[in-house]
Amino acid sequence: MFEVSDSKNSPILYLTLKTTDYSGNVSITWPSGIYPDSTNSYFENVETGLNGGSTTIEFSSNSEYSFQFYKNNPETVYSENDFSVKGE
């Protein structure tokens, strides 16, 4: 399960992922116009341009992860439909 927390005029958004009984790799793809916070160790080797991107992260079961993304245009509001999050 994942959730996007965003609002108009906000320069950042949060992507929160919750695992229940799943552990393993999860592929995360984000849209153009945003880029992940590269100070987060999960994203330190990910290209941070505004053309969208993706990464694969290993998750532990029964955990919650929150990731911060920066928005190019604070007026744009993103939702779960703009992201792809899939277990591999």
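**Close-up views of a predicted model**

**View 1. Asn9 in the loop between S1 and S2.** Asn9 is exposed, with a relative accessible area of 54%. In this predicted model, Asn9 is placed in the loop that runs between S1 and S2. The phi angle of Asn9 is near 70 degrees, a positive value in a residue other than glycine. Most residues other than glycine have a negative phi.

**View 2. Asn62 in the loop between S5 and S6.** Asn62 is not a glycine, yet its phi is positive, at about 55 degrees. The loop between S5 and S6 holds this residue. Asn62 is exposed, and its relative accessible area is 55%.

**View 3. The four-stranded sheet.** Four strands form an open sheet in the order S1-S2-S6-S4, and their pairing is antiparallel. At the edges stand strand S1 (2–5) and strand S4 (34–36); each has a single partner strand, so one side of each is left without a neighbour in the sheet. On average, neighbouring strands of this sheet are turned by 25 degrees against each other, direction ignored. Within the sheet, strand S2 (residues 12–18) pairs with strand S6 (residues 64–71) in the antiparallel sense, over seven bridges. Thr16 has Ser66 of S6 opposite it. Strands of a sheet pair through backbone hydrogen bonds.

**View 4. The three-stranded sheet.** A further open sheet has three strands in the order S5-S3-S7, with antiparallel pairing. Strand S5 (53–59) and S7 are its edge strands, and each pairs on one side only. Strand S3 (residues 24–30) and S5 run antiparallel and are joined by seven bridges. Ile28 has Thr55 of S5 as its bridge partner.

**View 5. Salt bridge between Asp6 and Lys71.** Two salt bridges are found in the whole structure. In one of them, Asp6 meets Lys71, with the closest N and O atoms 2.7 Å apart. Asp6 lies in the loop between S1 and S2 and Lys71 lies in strand S6, so the pair ties together parts that are 65 residues apart in sequence. Lys71 is buried, with a relative accessible area of 6%.

**View 6. Salt bridge between Lys18 and Glu64.** The side chains of Lys18 and Glu64 form a salt bridge, at 3.9 Å from N to O. This pair links distant parts of the chain, with Lys18 in strand S2 and Glu64 in strand S6, 46 residues apart. Lys18 is partly exposed, at a relative accessible area of 38%. Glu64 is exposed, at a relative accessible area of 54%.

**View 7. Aromatic pair of Trp30 and Phe43.** The count of aromatic pairs in the structure comes to 11. For Trp30 and Phe43, the ring centres are 5.7 Å apart and the planes stand at 80 degrees, so the pair is edge-to-face. Trp30 is part of strand S3 and Phe43 of the loop between S4 and S5, so the pair ties together parts 13 residues apart in sequence. Trp30 and Phe43 are both buried.

**View 8. Aromatic pair of Tyr42 and Tyr65.** The rings of Tyr42 and Tyr65 have centres 6.0 Å apart and planes at 80 degrees, so this pair is edge-to-face. It links distant parts of the chain: Tyr42 is in the loop between S4 and S5, and Tyr65 is in strand S6, 23 residues apart. Tyr42 is partly exposed, with a relative accessible area of 35%, whereas Tyr65 is buried, with a relative accessible area of 11%. One aromatic cluster is formed by Trp30, Tyr42, Phe43, Phe59, Tyr65, Phe67, Phe69 and Phe83.

**View 9. Asn73 in the loop between S6 and S7.** Asn73 has its place in the loop between S6 and S7. Asn73 is partly exposed, with a relative accessible area of 38%. From Asn73 to Val26 the separation is 47 residues in sequence and 27 Å in space, C-alpha to C-alpha.

**View 10. Model confidence.** The protein chain has an average pLDDT of 93, and 100% of the residues score at least 70. Confidence in the chain is lowest in strand S7 (residues 84–87), with a mean of 92, and highest in S1, at 97. Where pLDDT is low, the predicted coordinates should not be read in detail.

Key. Residues numbered from 1 in each chain as written. Heavy atoms only, no water. Pairing = 2+ DSSP bridges. Helix = DSSP H or I, 4+ residues; strand = E, 2+ residues; numbered from the N terminus. Axes fitted to C-alpha atoms, helices over the stretch in contact; angles between N-to-C directions. pLDDT = per-residue confidence, 0-100. Salt bridge = Lys/Arg side-chain N within 4 Å of Asp/Glu carboxyl O. Buried < 20%, exposed > 50% of the residue type's maximum accessible area, 1.4 Å probe, protein only. Phe/Tyr/Trp six-rings, centres within 6.5 Å; stacked < 30°, edge-to-face > 60°.
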